[in-house]
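Here's a quick briefing to read alongside the model. Have the sequence and the 3D view open as you go.

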Amino acid sequence: MNKRLLAVAAAALLAAVPAMGAPPPHQFLLNQLGFLPEGAKHAILPSPATQPLEWQVTDERNRVVLTGRTTVYGADAASGQPIHRIDLSALRTPGTYRLAMGDSASRPFRIDAGLYDRLRNDAFNYFYQTRAGIAIEARFAGGPQWARPAGHLPEKAACAAGADENGNVWPGCPYTLDVTGGWYDAGDQGKYVVNGGIALWTLLDLYEREKALGRPSLYADGKARLPEAGNGVDDLLDEARWEMEFFLKMQVPDGTRLKVPVGQKRNVPSLVFSEIDASGMAHHKVGDEHWTRLPTPPHLDTERRLLFPPSTAATLNLAATAAQCARIWRRIDAVFAGRCRTAAKRAWNAAKRNPEVYAIDAFPGSGGYGDRDLGDEFYWAAAELFITTGKPDYAAALRASPYFRAATAGEPGWPRTASLGTISLALLPSRLDANDRAALRRSLVAAADGFLADEAKTGYRIPYAPPGWPWGSNASILNRALILALANDFTGEARYRDGVIDAMDFILGRNPLDRSFVTGTGARPMTNPHHRFWTHQLDPAMPGPPPGVLSGGPNSNASDPTAIGLRGHCAPAACWMDDARAFSVNEVAINWNAPLVWVSAWLSEPRR
Ligand code: 9MR
C-alpha cells in the first residue's frame, strides 16, 4: 500500500471505527429526521455504564415532557460498542424535541406525520437524474449544479468481441442495437438488465400496491419533478417507462443465431462457445469498453459502448418486468402494453429454450452481475406472466417451481428474486385460488417474523443480523423493510410497522457512525458518494450529490483500495467511510435507491 493509501486508510479508521476510541459522551444516536407520531421511537446511547441512566426529553420551550431510564444492553457485536437503549415511544405529540442527560443534549429532532414527504420525493428524483439519453434539466433536478447535457445520445452499440484476458475469443453478434435511454446503474454508467430489473420492479410494485390496496397515489401525475409531469400518467409510471423502453431495446432480434458459452459459469481459459437460437433473449448489459476515471460526466464519456452477450438471467428480468408493464399499461397505453406483452412472452420462450446461458464477466469497464442460480428468476418471471395472462403454461411452471409456496428466504436482491414473484402473487388479483394466495401472504409474514427475530438479536434494534455485512447492506435492510411493510399491510399488526421504522432509523442515523446514509437528509448525511458526476470531493468544479441518494452502506468485506484498510479493523456495522473513492461501501445504485423510495413512500402514507 502506498503512503497516500495508508494515510487515507488511517483517516478512515479514525472516522469510522467507534470501537477503537471511546464514543463521545452522551452521543445519542437516533433517526436524524426524527419520528412519526405513531409507533416505535428508539434511541441508542453508546456507554460502558453498567447501571441505567436517567434521561429526559424537552420541547421547544425547554419544558420536560418525558423522563425515563436507559436499558443497559451491554456489548453489541454489530457495532462493537457497549450500548444503552432509550425508548421514546410514549412521545406522540408533533413538535421539536431534544433528548438530554445531565448537561448534554441530542440534536433537535421532530415528531411529524410528514417526516418522509421530502425524502420520498428526493429519493424518487434520483431516477430522473440517473437517466441516460436525455438532458437533465435544472428545473427537474432541483438546481443548476445538477443539470447536464444528455449522456450517450444516441447509444448504438455493437457486441463485445475478441480476446478476453483468458485468451477466449468472443465471437460477438452480427448487428448493432440502438439502446439509447434507460438508467445508469450507479456510480458507473453501465446499464444492466439484471439489476435494472429489480429496480424497475420495485417502482412498479409500489404503484401496483397502491392500486391493489386502495391506498393514495403518492406520485400521481404532476406530483414529482419530471419532464413528463402533466401527461395524465402517474409519475411512478413515467419514470419506470424510461427504463422499460430501454429494456425492450435490449431484446435480441428474431432469427438471430449467436455463439455463446452454454452451461459455463466462470471465465476460465478454453470456454466452449456453442451456437444457439438467441431470438428474444436480452443482452445482459451495455457498458464502456474500459472503466472511466472519476469524474466523467456521462456526456463526456468517450469510451466505446459495448453490448454484452445475452444471458438467461437478463432474459428473465425482461420477461418479469415486461409482464408487469403489460398489465399496468393495459388501460393507460394499450399499444405500449401490447409491446411489453409480446416482449415478455418472447423472453420467456427464449429463456426456456436457453435456460443455462450465464453472464460471464470477461471484459473490464462494467459490472458483472453474474448470477449462477436462475431457479428464482424462472419462478419470478413465471409469476409475473401468470398474473398478467392467467395462462396454464405459466401456472404449471409456477407450481413446478420449488419456490412456489416455499418459505420466503431472506430479503430480495438482484441475484435473489423469488420473493419478488411471491410479493406480486400475494398482492395482486390473479387466477390463483384464495388458499394459495393466503399461503403466499403467510410466507411473507413468516419472513417478516424472521426479520423481527433477527432484530431481537441486535443491540441497535435493526431487523438485520448477518454474520458479515455485505456490499449494499443498506439496501438489504430496506428490502427487509419492504417485506415488513407488506406484513403490516396483510395483518395490520403494529410490530411489523415498528420493524419498518427500526430499519429506516438505522439508515437515517441510529447507527454506530451517527450517520444518515442518505444525502441531504438529516444532520450528518453522507456527502461523498462514489459517482462519476457528483464528485465534488475529488474535483471542486463538479457538484456534490443531490438530496435523497442512498449509500451502499457498511461492508465488512470492503474491497476497494480506499476502504480495504477498514477490513479487520471495524465492527461490521461500522465498516464504512464517506469517500468518493470507496466504491465498495459508498457507491449509489438504482437497486438501492428503489427500496428507499418504496419504504419512504410507505412510511409517508396517511395512517388507516
Ligand atoms: O451490488 C453489487 C454487489 O452485490 C456486488 O457484490 C458487487 C461486486 O460484484 O457489485 C455490485 O454492483 C455494482 C455493479 O457491478 C456495477 N455498478 C455498481 C454496482 C454497485 O456497486
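This is a predicted model: local features need pLDDT of at least 70, side-chain atom pairs count only at pLDDT 80 or more; totals for chains, interfaces and linings use all residues.

**Helix H8**
- H8 is largely enclosed by the rest of the structure, because 14 of its 15 residues are buried.

**The open sheet**
- Five strands make up an open sheet with mixed pairing, and their order is S13-S10-S19-S18-S14.
- At the edges sit strand S13 (176-178) and strand S14 (191-192), each of which pairs on one side only.
- Strand S10 (residues 156-159) and strand S19 (residues 305-307) run parallel and are joined by two bridges.
- Take Cys159: its bridge partner in S19 is Leu307.

**Cavities**
- Searching the whole structure turns up five cavities of 30 Å³ or more.
- The largest cavity holds about 120 Å³ of space.
- It is lined by 15 residues, and the closest to its centre are Trp170, Pro309, Tyr358, Ala359 and Ile360.
- Strand S15 (257-261) and strand S20 (310-311) are the elements that give two or more residues to the lining of the largest cavity.
- By type, the lining of the largest cavity splits into ten nonpolar, three polar and two charged residues.

How values were computed: Residues are numbered from 1 along each chain as its sequence is written. Side-chain values use heavy atoms; hydrogens and water are left out. Two strands pair if DSSP finds at least two bridges between them. Helices (H or I, at least four residues) and strands (E, at least two) are DSSP runs, numbered from the N terminus. On a 1 Å grid over the protein atoms alone, a cavity is a set of points where a 1.4 Å probe fits but cannot get out, and a pocket is an open set with protein on both sides within 12 Å along at least five of seven lines; lining residues have an atom within 4 Å of a point. Grid points are joined across faces, edges and corners, and a volume is the space filled by probe spheres set on the points. Ala, Val, Leu, Ile, Met, Phe, Trp, Tyr, Cys and Pro count as nonpolar, Asp, Glu, Lys and Arg as charged, and the others, Gly among them, as polar. Buried means under 20% relative accessible area, exposed over 50%, partly exposed in between (1.4 Å probe, protein chains only).
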